[in-house]
Amino acid sequence: SAQQSIIRTGTIGMGMYFVNNGTCAVSVGTSQVAKLQFGDFFGEVALTMATQRTANVEATGLVEVFEFTRQDLKSVALKYPTLLSRLKDQGQQRVKRACTARVEVLENDAGDLIVKDKSSGV
């Protein structure tokens with residue numbers, strides 16, 4: 001429905017979403033940073049980077065989205081490992097664009113990307 005929240009900053013991400021119909025607004029803090037429509041996706045940052053959601057996404061009218069869960073990702077990544085790599089790269093690029101002044105993206109020994117909030121030290 002109109003202005004319905006789909007994901008909220010700070011929540012745990014167990015899936016990502018693909019917009020099939022309608023539009024969504026992406027905001028970080030009080031700033032709208034993107035408008036998504038058919039074929040666009042969101043939620044990959046929390047799904048691929050062991051972190052909480054980094055943005056709010058709201059429907060801007062009637063919207064249909066498809067969810068791709070963490071389990072879906074694990075299953076598909078076994079057969080298509082480049083998909084996981086590309087999603088991580090896309091997520092890292094979005095984090096850098098939206099939050100370069102606020103966060104630092106680190107990689108641990110296992111190759112997982114971790115987002116560190118510079119303002120809180122977490």
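The model is predicted, with local features requiring a pLDDT of at least 70 and side-chain atom pairs counted only at pLDDT 80 or more, while totals for chains, interfaces and linings use all residues. Residues are numbered from 1 along each chain as its sequence is written, and side-chain values use heavy atoms, with hydrogens and water left out.

The mean pLDDT (the predictor's confidence in each residue, from 0 to 100) is 83 for the protein, and 85% of its residues reach 70 or more. Confidence is highest in strand β6 (residues 56–59), at 94, and lowest in strand β8 (residues 103–107), at a mean of 68.

The protein contains 3 helices and 9 strands; these are DSSP runs numbered from the N terminus, helices being H or I of at least four residues and strands E of at least two. Along the sequence the elements follow the pattern β-β-β-β-β-α-β-β-α-α-β-β. Of the 122 residues, 33% count as buried, where buried means under 20% relative accessible area, exposed over 50% and partly exposed in between (1.4 Å probe, protein chains only). Among contacts (heavy atoms within 4.5 Å) with a separation of 6 or more, 63% are between residues 24 or more positions apart.

Three strands form an open sheet in the order β5-β2-β7, with antiparallel pairing; two strands pair if DSSP finds at least two bridges between them. The edge strands, β5 (41–42) and β7 (64–69), each pair on one side only. Strand β2 (residues 15–21) is joined to β7 by 6 bridges, and Met-16 stands opposite Phe-68 in β7. Helix α2 (residues 70–79) packs on this sheet and touches β2 and β7, its direction making about 65 degrees with that of β7; axes are lines fitted to C-alpha atoms, for helices over the stretch in contact, and angles run from 0 to 180 degrees between N-to-C directions.

Strands β3 (residues 24–28) and β4 (residues 31–36) run antiparallel and are joined by 5 bridges. They form a hairpin with 2 residues between them, and Gly-29 in the turn has a positive phi of about 65 degrees. The bridge partner of Val-28 in β4 is Ser-31.

The count of aromatic pairs is 3; rings of Phe, Tyr and Trp (its six-membered ring) pair if their centres lie within 6.5 Å, with planes under 30 degrees apart counted as stacked, over 60 as edge-to-face and the rest as tilted. The rings of Tyr-17 and Phe-42 are stacked, because their centres are 5.3 Å apart and their planes lie at 20 degrees. This pair ties together parts 25 residues apart in sequence, since Tyr-17 lies in strand β2 and Phe-42 in strand β5. Tyr-17 is buried at a relative accessible area of 14%, and Phe-42 is buried at 3%. Phe-18 and Phe-68 form an edge-to-face pair, 6.2 Å centre to centre with 80 degrees between the planes. Phe-18, in strand β2, and Phe-68, in strand β7, are 50 residues apart. Phe-18 is partly exposed, with a relative accessible area of 30%, whereas Phe-68 is buried at 16%. Phe-18, Phe-41 and Phe-68 form one aromatic cluster.
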